[in-house]
Amino acid sequence: LAGNLDLEAAVRRIDAARAAVGIAESDWLPTVDASGGYVRTRPFGIPNVKTQNQWSLGGSVAWELDLFGRIRRSVEAATATLEAEVEDVRGVQVALAAETASAYLELRSLQERLAIARSNVASQAQSQSITAERFRVGMTAGLDPAQADLNLFTTRASIPGLRVGVRRARHRLAVLTGRDPRARDERLAAEGSLPAAPETLMVGIPADL
């Protein structure tokens, strides 16, 4: 919430809407106009004529009577816009929290799958070695080593895709939180398991609304 740029833009729209309310409310106040002037005249080529100084000052005051409700409706419209912008920020906050939680769960899920794949590679490599030795001494058919090779190569082939998915999830989290995707975040880089889901959620159901 502190670093997301979309949320910051929504908050700035609240500031703009609040300023618009102030502008609309200012129509209730009188309008004062003032003007002033100064002219200095110095004749050229005419002897014995002094320089003349002239000052002028004027002003006016106008106050619009809201007989037909124009100002009142303008203030109401600006206030409604402000309230809409406030609700928009709340909506962005909810969407941002949901997207961040989803990206974090995706990251931990991919990291867990990557750890399982690496563990499977180690066990399948051992199994491949045993199967190849059994085939060499004639204790098994040729299909078994081929199947062991297939299992090992398939698992190894899945690891690059999982690594790409981990990097993509980390970048997605960086964008959502307003951070540089290239920055190292040790908390996210360290492999972790999926968080345990709460037994009960502290939210209501649509019928409560």
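Visitor: What is the relative accessibility of Arg172, and does this residue count as buried, partly exposed or exposed?

Guide: Arg172 has a relative accessibility of 28% and therefore counts as partly exposed; buried means under 20% relative accessible area, exposed means over 50%, and partly exposed lies in between, with a 1.4 Å probe and protein chains only. The model is predicted, so local features need pLDDT of at least 70 and side-chain atom pairs count only at pLDDT 80 or more, while totals for chains, interfaces and linings use all residues. Residues are numbered from 1 along each chain as its sequence is written, and side-chain values use heavy atoms, with hydrogens and water left out.

Side chains of opposite charge can pair when their charged atoms come close. The term salt bridge is used here for a side-chain nitrogen of Lys or Arg within 4 Å of a carboxyl oxygen of Asp or Glu. Nine such bridges are found in a search of the whole structure.

Arg172 forms a salt bridge with Glu99, at 2.6 Å from N to O. Because Arg172 lies in helix H3 (residues 143-176) and Glu99 in helix H2 (residues 70-136), this pair ties together parts that are 73 residues apart in sequence. Helices (H or I, at least four residues) and strands (E, at least two) are DSSP runs, numbered from the N terminus. Glu99 is partly exposed, at 38% relative accessible area.

Arg172 also meets the side chain of Glu106 in a salt bridge, at 3.1 Å from N to O. Glu106 lies in helix H2 and Arg172 in helix H3, so here the parts tied together are 66 residues apart in sequence. With a relative accessible area of 34%, Glu106 is partly exposed.

Elsewhere, salt bridges that share partners join Glu8, Arg12, Asp15 and Arg18 into one network. Asp15 is partly exposed at 38% relative accessibility, and Arg12 is partly exposed with a relative accessible area of 47%.
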